[in-house]
Amino acid sequence: MNLSNSSISEINKLYKNKELKPSEVYEEVFNNAALSESIIHAHLKLFQEEGIAASKLSDARFAKGKQLSQLDGIPIAIKDNINLKNHETTCSSKMLSNYISPYDATVISKLRNSGVVFTGKTNLDEFAMGSSTENSAFGPTKNPWNPQHVPGGSSGGSAAVVSVGSALASLGSDTGGSIRQPASFCGVVGFKPTYGTVSRYGLVAFASSLDQIGPITNSVEDAKIIFNSIKGHDPLDSTSIADTSIEIPDDKTAKVGVIKELMEDGISDESKNEVEKTIKLLEDQGNKVVEVSLPLTKVALSIYYLIAPAECSANLSRFDGVRYGSREFGETSYQMMENTRAQGFGEEVKKRILLGTYALSAGYYDAYYGQALKARSLITKDFENIFKDVDYLISPTTPTPAFKFGEKTENPLEMYMSDLCTIPANLAGLPAISIPTGLSSENMPLSVQLMSPARTDSSLLKFSEKLENLISFDQRTSLLKEMK
Amino acid sequence: MKKDIDIKSVAKLAAINLSEDEEKKLEKDLNIILEHVEALSKMNIDDEEISIHPLGETLNLREDISSEFLTHDEAMSNSPETEDGHFVVPPSLD
Amino acid sequence: MNMIPTIGMETHVELNTNSKMFCNCPVVETEDPNISLCPTCLGLPGALPVPNLKAIESITMLALSANCSITNNGMFHRKNYFYPDLPKNYQISQFDLPVGVNGSLEIILDEGIETVEIERVHMEEDTGKSKHKGSGRIDSATSTLLDFNRSGVPLVEIVTKPVIKSSKEAVSYIEELRQLVIDLGISEGKLEKGNLRFDANISVAKEGDKELGVKVEIKNMNSLRSLEKAIDFEIKRQTKLIESNEEIIQETRHWDEDKEVTSSMRSKEGSADYRYFSDPDLPNMILTDEFINNIKKEIPTLPSDKRKKLIDTGLSMSESNHLGKSEVWIYDLYLDTQKLTNDCKTTYNLITGELQGQLRKAEIENLPEWVNSERLSEIITMINDNKISFTSGKEVLTNLIQNEINPTDFAESNNLIQENDFDEISKIVKDVFEANKEVVQRIKDGEEKLVGFLVGQIIKSSGGNINPSIAKDLLLKEL
């Protein structure tokens with residue numbers, strides 16, 4: 001049995017029946033890491049000693065029948081912009097290469113209490129800004145399906161480890177698609193919850209009104225299990241919402257909308273095709289599928305590329321060499337800060353900080369940031385109207401499958417375009433999930449994206465699970481065999 | 001609306017000391033992006049009360065109870081330079 | 001040509017909450033640096049702010065007491081600027097939707113009561129503290145030491161409209177504001193501890209000019225004295241410049257306590273671009289009418305209310321002001337007693353002057369419970385009815401403090417009741433007249449001060465119990 005591609009519930013059953021031990025599973029994923037890391041470079045840090053120790057404690061708990069949860073003994077990788085106490089949280093930036101966090105993010109505390117075994121921290125685009133992990137200060141992650149292709153970003157490392165089996169699941173963060181897009185590129189499931197359902201306390205902020213932590217997994221069921229474990233109102237996060245969930249009744253009669261504007265130019269035929277195939281499956285099952293229109297998708301990118309940089313320009317101001325992180329010389333403290341930030345930040349990060357600073361500056365606020373906020377609420381309203389008529393929305397996750405390294409780094413807009421399909425859900429705070437559906441002509445993973453109204457996460461996951469079974473894309477390939 | 005960005009003054013506001021090459025490249029890239037967002041900035045949208053939270057949630061206030069978090073050593077643990085329990089930086093003007 | 005100064009005051013009040021504004025760290029008073037910190041107030045990556053309910057209640061109470069309208073749907077904004085003592089390099093503050101707007105505060109001047117219009121009252125967080133090492137002066141320091149214990153402490157900022165007209169007014173305004181926050185119980189209000197800090201914006205214009213002059217901000221005034229001196233100096237400086245047709249630069253200037261001058265700090269260059277935007281970590285803050293009304297109910301009697309009550313009893317402005325600022329028990333005792341005596345002057349003098357003074361002298365901290373308004377009113381009524389002199393009243397009071405006596409009985413049994421009968425006194429006056437013929441002659445010749453001597457003689461021969469003013473009148477009549 002290829003353990004690393006088994007589901008959490010399957011493994012948990014084996015643990016409970018004492019047919020398998022957490023330390024054995026940990027050993028296997030660690031070996032997968034040992035085999036793959038030199039090629040794909042997905043983990044920035046591997047917690048070997050700690051992982052062994054934690055998995056052994058889990059062994060003992062199962063032996064006594066005192067397991068903490070369904071996640072006890074499950075090896076999970078954590079994106080390196082989420083704080084883990086006494087470990088580096090580098091955000092893949094030179095600025096924080098030596099920063100050791102003195103506290104746990106709330107999601108980490110929750111996972112610890114569940115008995116999760118942390119495998120290590122994964123690579124990302126610096127400060128979560130990017131769609132390919134090419135912006136990491138410590139070298140890119142390679143797509144396990146084809147190392148000449150990007151794994152996507154910003155949670156490229158988190159997606160790659162699940163794909164290759166060096167963790168059973170991982171946590172990523174999603175601001176404009178950073179969970180869903182890399183999950184799509186790596187042929188795994190990526191889920192972005194409703195804004196506010198998962199605490200952001202301990203997630204290094206990129207764009208505060210858009211960021212959410214979510215699971216990247218082998219199956220929708222796994223995503224559901226992890227989501228249920230990390231969600232919940234957090235008094236340490238003023239934007240986290242109360243634990244009220246809205247249910248969408250009965251999957252069979254659920255009505256699905258296809259977003260017209262995301263099936264037009266700018267989307268590759270292969271990606272559109274996956275959506276068409278999925279629609280057919282749904283219709284065969286008795287679901288009604290209609291075309292819907294979201295005309296503001298045309299400006300969604302602009303809205304995002306004003307709001308996100310504006311918020312990040314302030315969120316990243318704290319990186320100044322004063323209290324932590326790298327520090328450069330300066331005669332005065334201001335010069336020290338200027339030099340530290342010049343040396344510590346990569347090009348993309350600087351670009352977004354400057355863009356955001358400009359969008360907020362005197363004389364430009366109204367036309368740029370102010371305008372983006374207004375337009376954003378229009379998008380939210382549009383979604384609300386659409387959801388009066390349909391229960392779920394379907395679209396491609398990405399315009400194309402995983403592109404090659406260096407393919408989109410020339411023109412700043414080209415890379416941003418890869419977020420076309422994923423950004424709207426962040427702007428409106430909606431839950432969204434990417435499910436792998438097949439392979440492209442170049443043997444790279446393809447997927448579809450599903451969205452639903454705010455707070456309907458559990459319904460979305462249920463519906464997606466049913467769809468996943470219909471699709472039955474067996475992404476349990478032997479990628480590793482090829483690597484050996 | 002002025003399209004060309006004054007990269008030097010923006011970099012000053014953002015406290016980033018750009019090299020000349022960086023200035024040139026960033027100015028070019030940012031102008032491309034700003035041109036793309038022009039369409040949005042020209043849209044006519046009615047003023048409305050803005051909800052900060054995407055789902056329209058409002059603020060919950062916290063009880064005034066104090067509790068300790070970081071020890072002194074934990075707080076100082078990543079400091080590039082310390083003296084007598086203080087963080088040390090080059091002299092700040094004003 | 002007359003130069004009219006215009007002053008606006010910006011004041012920051014440290015609230016006396018248990019925890020900081022956006023985190024649970026304790027608000028501490030200590031020399032030990034960096035001991036009350038968490039990811040939020042230290043600005044660590046991944047930290048988030050959660051606002052303090054008590055701080056919002058306190059600022060609402062302050063804004064209501066200053067007659068402000070309260071913003072029902074407000075928000076927090078990020079004020080962006082880089083400085084080492086500001087952990088996030090932005091301060092969470094409020095921009096265009098502050099908690100309180102358009103209020104006013106009464107201030108007491110020699111000429112009477114003035115109303116200072118208040119532009120806004122808003123909530124923000126404090127920064128850490130910097131210590132400059134080196135030669136001790138800012139511009140030749142070798143390094144700066146930072147302590148973040150104070151980072152995140154709740155601060156209320158109160159901004160007046162530019163309506164203050166003199167340094168004395170400014171001082172009076174700060175005194176009033178300080179008393180208010182102390183009375184509301186929201187701050188210790190100690191200037192020397194930094195609980196209350198202020199900057200002044202000063203401009204000068206020619207009389208008749210419709211526009212205000214160039215605004216200069218003055219910082220670093222640490223006491224009311226320096227506030228007064230700094231404003232006076234700055235007005236002079238600006239006046240001189242205008243008179244010699246020189247330009248006044250819009251800037252921030254630093255008050256030098258030693259040299260007693262304001263000096264240039266940095267050019268304001270218009271104003272810094274703080275790039276305010278609504279803080280996405282903090283959703284809209286809704287203060288309902290219910291919340292506001294509950295706070296209103298909690299407001300204790302304020303200095304201005306107290307003053308009004310006291311003036312209504314007949315006291316002067318300065319007496320009312322003085323008594324209004326005294327401890328509550330004296331204020332209450334005065335009012336209770338005054339109701340019984342229906343007199344204000346004697347009641348005021350006996351309670352504020354005598355009673356307080358005597359307690360202090362006798363080193364008695366707490367007023368004995370039998371020293372109440374009934375007994376005091378007895379004494380005061382006796383004085384006002386001319387039954388005893390004020391001096392005798394003091395004596396009764398002294399004994400009342402020590403023992404639970406009945407004032408009237410005490411006065412009678414101690415021979416303090418003075419003679420008021422005209423005939424009786426006339427007799428004594430005539431006798432003294434007779435016995436001091438030389439002195440009388442000298443008075444008639446012009447030595448008026450000897451009248452006092454004769455009055456003394458009259459009182460002496462009566463055994464001390466005649467009404468001295470009646471005696472004097474009758475004596476003068478005789479002369």
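In chain C, the loop between β12 (216-219) and α4 (224-243) holds C:N220, where helices (H or I, at least four residues) and strands (E, at least two) are DSSP runs numbered from the N terminus. Phi of C:N220 is near 75 degrees, a positive value in a residue other than glycine, and C:N220 is partly exposed, with 17 other C-beta atoms within 10 Å. A residue is called buried if 20 or more other C-beta atoms, placed from the backbone, lie within 10 Å of its own, exposed if 12 or fewer, and partly exposed in between.

This is a predicted model, in which local features need pLDDT of at least 70, side-chain atom pairs count only at pLDDT 80 or more, and totals for chains, interfaces and linings use all residues. Residues are numbered from 1 along each chain as its sequence is written, while chains are lettered from A and ligands numbered from 1 in the order in which they are written.

**Confidence**
- The predictor gives the complex an ipTM of 0.96 and a pTM of 0.89.
- Chain C averages a pLDDT (the predictor's confidence in each residue, from 0 to 100) of 90, and 97% of its residues score at least 70.

**Chain A**
- Chain A contains 16 helices and 11 strands, and 65% of its 484 residues count as buried.
- The C-alpha trace of chain A spans about 65 × 55 × 45 Å along its principal axes.
- An automatic or database domain assignment divides chain A into domain 1 (3-251 + 394-483) and domain 2 (298-373), and the C-alpha centres of these domains lie 27 Å apart.
- The contact between them takes 27 residues from domain 1 of chain A and 22 residues from domain 2 of chain A, two residues being in contact if their C-beta atoms, placed from the backbone, lie within 7 Å.
- Helix α14 (residues 423-428) of chain A gives the most to the side of domain 1 that touches domain 2, with three residues.
- A cis peptide bond, with omega about 5 degrees, joins A:G153 and A:S154, and A:S154 lies in the loop between β3 (117-122) and α5 (156-164) of chain A.

**Chain B and its contact with chain A**
- In this contact, 43 residues of chain B meet 56 residues of chain A, and the largest share of the chain B side, 10 residues, comes from α2(B).
- By class, the side of chain B that touches chain A has 29 nonpolar, nine polar and five charged residues, where Ala, Val, Leu, Ile, Met, Phe, Trp, Tyr, Cys and Pro count as nonpolar, Asp, Glu, Lys and Arg as charged, and the others, Gly among them, as polar.
- B:A15, in the loop between α1 and α2 of chain B, has a positive phi of about 50 degrees although it is not a glycine, and B:A15 counts as buried because it has 23 C-beta neighbours inside 10 Å.

**Chain C**
- Chain C is divided into domain 1 (3-294), domain 2 (301-413) and domain 3 (422-478), and the C-alpha centres of domain 2 and domain 3 of chain C lie 32 Å apart.
- The buried residues of α10(C), among them C:L376, C:I379, C:I380 and C:I383, pack against α8 (328-341), α9 (345-361), α11 (390-402) and α12 (407-413) of chain C.
- C:N386, whose phi is positive, near 65 degrees, follows α10(C).
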